[in-house]
Structure formats: C-alpha cells, structure tokens
Amino acid sequence: MIERLRNGDLRALARAISIVENGASGAMKLLAECKWSAGKAMKIGITGPPGAGKSTLIDQMARWLHRRGEKVGIIAVDPSSPYTGGALLGDRIRMQELTADSGVYIRSMASRGAVGGITPAVQDVCDVIAASGREWILIETVGVGQDEVKIASLADLTVVVLVPGLGDDIQSLKAGLMEIADLFVVNKSDCDGAARVVAEILAVQELSGAKRGPIVPVLETVATTGTGIADLMGEIVRQRQHAPKHSPHISCAKDLKLDHLGIAVKSIADSRKLYEVLGLAVLHEETIEHEQVHTAMLPVGESRLELLQPLKEDSVIGRFLQKRGEGLHHIAIKVTDIDRMFATLRGKGVRLVSDKVRVGAGGHKYFFVHPSSAGGVLIEIVGEKE
Ligand code: ZN
C-alpha cells in the first residue's frame, strides 16, 4: 500500500488516511513510513470566521495551483460532526467536482471525537498526504476555538480570512487569530466596508507593531469571481521561497530527546568502575523504594546512563536479571508534552505498560511503552518536572 500511496494512487491514499485516523492495526508502521517519505509539502492553514467564504477561496487556490501542474491536497476540519454540518457539507459536495476532474484530493475531518485529539490527527493526515507526493496541503478550519487556532499554527503558513460586515467581531477575533496570521485576506472585497476592514487590520498591527516585527500583508479577493487570487498565490509562493526548508520527520522529532539508557546491573559498585574507565562519572545516586531499585546516573553528553540495581530478587529489575542477565533494560525518551503523548499513543492503540502518567524520581512524570509495541525494547517516556 505504501508503494501505491507514493505513486499517488487516490484509493490507497484514502485508505491510508482512514487507517491512521482510526488508529487501526498497522497505523503506527504506516505513519512511520509516511513521515519518512514525506518531504516537501507546504502546509497552508486557512482560517477565519464562518461565512468568510473560505471554502470558495480554497477552491480557487487549489484550481490556481492545479493549473500550474502542482499536486494539491485539502483537509477541511469541520467544527461539528460531518453529519450535522449542513452548510459545510454543501461546500464539500461542490468541492468534490474539483476532485473529480483534477485529482485534487479533499478530506473532511470532524474536530470532535478524533482519537488522541484533533491537532495530532491533522498532523498525521498531513504526513500521509505529503507521502503521496502532494506539494501543497491546504487546511481549512473555522477559526473559532483553541483547537482551530492550534491546527492553523501547525501549518507552515497561515492565512486568516476576514470579510466586511463582521462589525464588532473583528475586535474579538484579534486575540487568537491576529497573532497566527502570516497573511490576511479580506474576501468579498467588492462589498461595502472592505476598505475599512483592511484599514482596521493595518491599524491593529500598528498598535502592536513594536513586538510583532514586520507588518503582515493584507490582500483583497473576491473568491466567487477569482479576483485577487493570482496576487494571493503570488504572495504565498513568494513566502514559500523565503520559508525555512521544511522537513516533517525532523520537525516532529525536534521535541524529542534521548534522555537516558537504563541498564540493569547486579551491583552498581562493581559496574560503575567499568564506566569510570571510559571517563564517565556518577553524578547522582538514589533509591526508589516503590520500584525496589537503587539507581546511579552517569551523564553522557546531554543524555545519561542509568544503572539499575535491584534491592531484592523479587522486583522488576531483579526478575529481569534472572531472565535476561545484565544489560540494556530500557531507553528513555524525553517529550515536551507527556500528557498529550500518552493520550496520542493510547488513542493509536499502542500497548502501554503504565495505566497512567506517573510521577517518579526527582518529580519527573513518566510512563512505559510495552516492548511488543516498540521493536522489543522497553521505552520510558519522560516529561518535564511536575
Ligand atoms: Zn529510566
């Protein structure tokens, strides 16, 4: 399936997304393959209040890209279930015509009820779409909730769409949406009040200009006729050329660090001598009563070795020594958001040893991933201090 997916097969793509979204068996492996082959897709978040004409705008953007021979995927995140979002569904049906004659791939996702949360789910779907060889991914969200703001911010470039006639709304939008915009679009710019919206966006930016840096461009469009689309896309292409080169499998790994390697030993006193020959030194020793283990930490660069000596034979490490002998017991990876990692892994059906995130030595949060879900190695996920 990976092979067909990479060759751009639409059915393989749809099936792969379903597997990843539902956390079906094989999802982890599939996703890992996708992350590896996904390389150069530009993710554009398009957000703004309901009624701003985002779907029509995205339709025009996709057509513009398609005419230039670019391969496009669209993710539409609906704020409600796909069964109740009537107006949005209508837009989707119209957009499906685009799919049929151009190979533009469109996928709807409901923001409620996604396993592990909607933001990681959208990230995963992006990786799958990118693996299918699409250079552009347009992500439509309705910019009302925190989730939508977060999704927009996982994009490489975020377009905030506003329209005349919002009245006070533009003031209330400022807080969340104004900060994430790389580009503002005032759509329906042939309507009364468009010039005032443009002026307001510029004024808001000027007020906060000191901390924001350069002014974010404001472009005007009439999506229904296609007016202004060429200018908008010209600006997006220009920003893409100036954006830092994007590499998904590196960026998703940047929050991860190898924290330590846990090594089961019969005697810390004996084995530390071997490591001291290598130039390592014990920085910290600690007894963890509830695990029935004595530990010694030896820093290696930014990581550490953690020697584990059982306090009694009938303990986790004691039984490990009887069964396997001395050696590598676990690998510990540090993450920035351990609670989210726990929810994501559980949502994807990864077998965990721990039933919840626990607080261990030094107040660090941790949990364990079962070796059967990790290529035969016990993995400890470590978070920040409580
Ligand atoms: Zn450990």
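The following questions and answers go through a predicted model, from its overall make-up to single elements.

Student: How are residues numbered, and which pLDDT limits apply to this predicted model?
Tutor: Numbering starts from 1 along each chain as its sequence is written. In this predicted model, totals for chains, interfaces and linings use all residues, whereas side-chain atom pairs count only at pLDDT 80 or more and local features need pLDDT of at least 70.

Student: What percentage of the residues of the protein count as buried?
Tutor: The secondary structure comes to 15 helices and 15 strands, where helices (H or I, at least four residues) and strands (E, at least two) are DSSP runs numbered from the N terminus. A residue is buried if 20 or more other C-beta atoms, placed from the backbone, lie within 10 Å of its own, exposed if 12 or fewer, and partly exposed in between. Of the 386 residues of the protein, the share that counts as buried is 34%.

Student: Which strands stand at the edges of the open sheet of 7 strands, and why is one side of each left without a neighbour?
Tutor: The pairing in this sheet is parallel, in the order β3-β2-β4-β1-β5-β6-β7, and two strands pair if DSSP finds at least two bridges between them. Each edge strand has a single partner strand, so one side of it is left without a neighbour in the sheet; these strands are β3 (105-110) and β7.

Student: At about what angle to β4 does α4 run?
Tutor: Helix α4 lies across β1, β2 (72-78), β4 (136-140), β5 and β6. Axes are lines fitted to C-alpha atoms, for helices over the stretch in contact, and angles run from 0 to 180 degrees between N-to-C directions. On that basis α4 runs to β4 at about 175°.

Student: Which residues of α11 are buried, and why do they lie on the same side of the helix?
Tutor: An α-helix has 3.6 residues a turn, so residues three or four places apart point the same way. The buried residues are I229, L232 and I236.

Student: Which residues touch the most other members of the largest nonpolar core?
Tutor: A nonpolar core is a set of buried Ala, Val, Leu, Ile, Met, Phe, Trp, Tyr and Cys residues joined through C-beta atoms within 7 Å. The largest one has 58 residues, and helix α6 (residues 118-131) gives the largest share of it, 9 residues. The residues that touch the most other members are L138 and I139.

Student: Which strand pairs with β8 in the antiparallel sense?
Tutor: Strand β8 (residues 257-264) is joined by 5 bridges to β11 (residues 303-310), and these two run parallel, with H260 opposite R304. The antiparallel pairing of β8 has 7 bridges, and K257 has K334 as its bridge partner there. That antiparallel partner, residues 327-334, is β12.

Student: Which residue in the turn between β9 and β10 has a positive phi?
Tutor: Strands β9 (residues 284-288) and β10 (residues 293-300) run antiparallel and are joined by 5 bridges, with E285 and A296 as bridge partners. They form a hairpin with 4 residues between them, and the turn residue with a positive phi, about 55°, is Q292.

Notes
Two residues are in contact if their C-beta atoms, placed from the backbone, lie within 7 Å.
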